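Work through the exercises below with the coordinates loaded. Try each task before you read its solution.

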Amino acid sequence: MTAYVIGHLYPTTGHPGEEVLSYIERIQSTMVPFGGRFLVHGTQVEVVEGDWSGALVVVGFPGMAAARGWYESAAYQELLPLRTRNMAGDVVFVDGVGPDYDASVTAAALRAAAPQPRR
């Protein structure tokens, strides 16, 4: 099942500095051995609810093991400080859902697990 690495990054300047540009130039080559590819990168978000600041990055991997393998790889760990020294952010890993996912099944499981009112 596809796993996603999602980054909510907070640039501190209007234009990325040299270290961030180097990071951007080199990151894709670190993902290729793990089957990773950018799904969202370098685009503006359209806020329709709530507040949003910063940039959004979404990378897809064939599975959670591949996502973790990429993040923990020597190649990526070498690059990571180029971003973290210059840009704060939150990064999460999350499994996706399969093509047959049905939200109503999830709702039914949540209902069944909910505490029942006392009588």
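This is a predicted model: local features need pLDDT of at least 70, side-chain atom pairs count only at pLDDT 80 or more; totals for chains, interfaces and linings use all residues.

**Exercise 1. Overall fold and spread**

Task: Find how many helices and strands the protein chain has, and in what order they run.

Solution: 
- Start with the count. The protein chain has 4 helices and 4 strands.
- The order is β-α-β-β-α-α-β-α.
- Next, check the spread. The radius of gyration is 18 Å, while the globule rule gives 14 Å for 119 residues. The chain is well over that value, so it is more spread out than a compact globule.
- Along the principal axes, the C-alpha atoms fill roughly 65 × 35 × 25 Å.
- Then take burial. Of the 119 residues, 26% count as buried.
- Turn to contacts. Among those with a separation of 6 or more, 78% join residues 24 or more positions apart.
- Finish with the surface. The protein chain exposes about 8400 Å², and carbon and sulfur atoms supply 56% of it.

**Exercise 2. A buried charge**

Task: Locate arginine 83 and decide which side chain of opposite charge is nearest.

Solution: 
- Arginine 83 sits in helix α3, which spans residues 74-84.
- Arginine 83 is buried but has no salt bridge. The nearest side chain of opposite charge belongs to aspartate 90, at 8.9 Å. A salt bridge needs 4 Å or less between the charged atoms.
- List the surroundings. Beyond four places in sequence, arginine 83 contacts Leu9, Tyr23, Tyr76 and Val91.

**Exercise 3. A nonpolar patch**

Task: Classify tryptophan 52 by accessibility and name the patch it belongs to.

Solution: 
- Tryptophan 52 is in the loop between β2 (37-40) and β3 (55-61).
- Apply the cut-offs. Buried means under 20% and exposed means over 50%. Tryptophan 52 has 36% relative accessibility, so it is partly exposed.
- Find its partners. Val45, Val47 and Trp52 form a nonpolar surface patch. Together they have about 230 Å² of accessible area.

**Exercise 4. A glycine in a loop**

Task: Is glycine 63 buried or exposed, and which residues does it touch?

Solution: 
- Glycine 63 lies in the loop between β3 and α2 (64-72).
- Classify it. Glycine 63 counts as buried because its relative accessibility is 14%, and the limit for buried is under 20%.
- Collect contacts. Not counting residues up to four places away in sequence, glycine 63 touches Met1 and Ala3.

Key. Residues are numbered from 1 along each chain as its sequence is written. Side-chain values use heavy atoms; hydrogens and water are left out. Helices (H or I, at least four residues) and strands (E, at least two) are DSSP runs, numbered from the N terminus. Buried means under 20% relative accessible area, exposed over 50%, partly exposed in between (1.4 Å probe, protein chains only). Lys and Arg count as positive and Asp and Glu as negative; His and the chain ends are not counted. Contact means heavy atoms within 4.5 Å. Patches are made of residues with over 30% relative accessible area and no salt bridge: like charges are joined within 9 Å, nonpolar side chains (Val, Leu, Ile, Met, Phe, Trp, Tyr) within 5 Å. Accessible areas come from the Shrake-Rupley method with a 1.4 Å probe; for residues, only the protein chains shown count as cover. The radius of gyration is taken over C-alpha atoms; the globule rule is 2.2 Å times the number of residues to the power 0.38.
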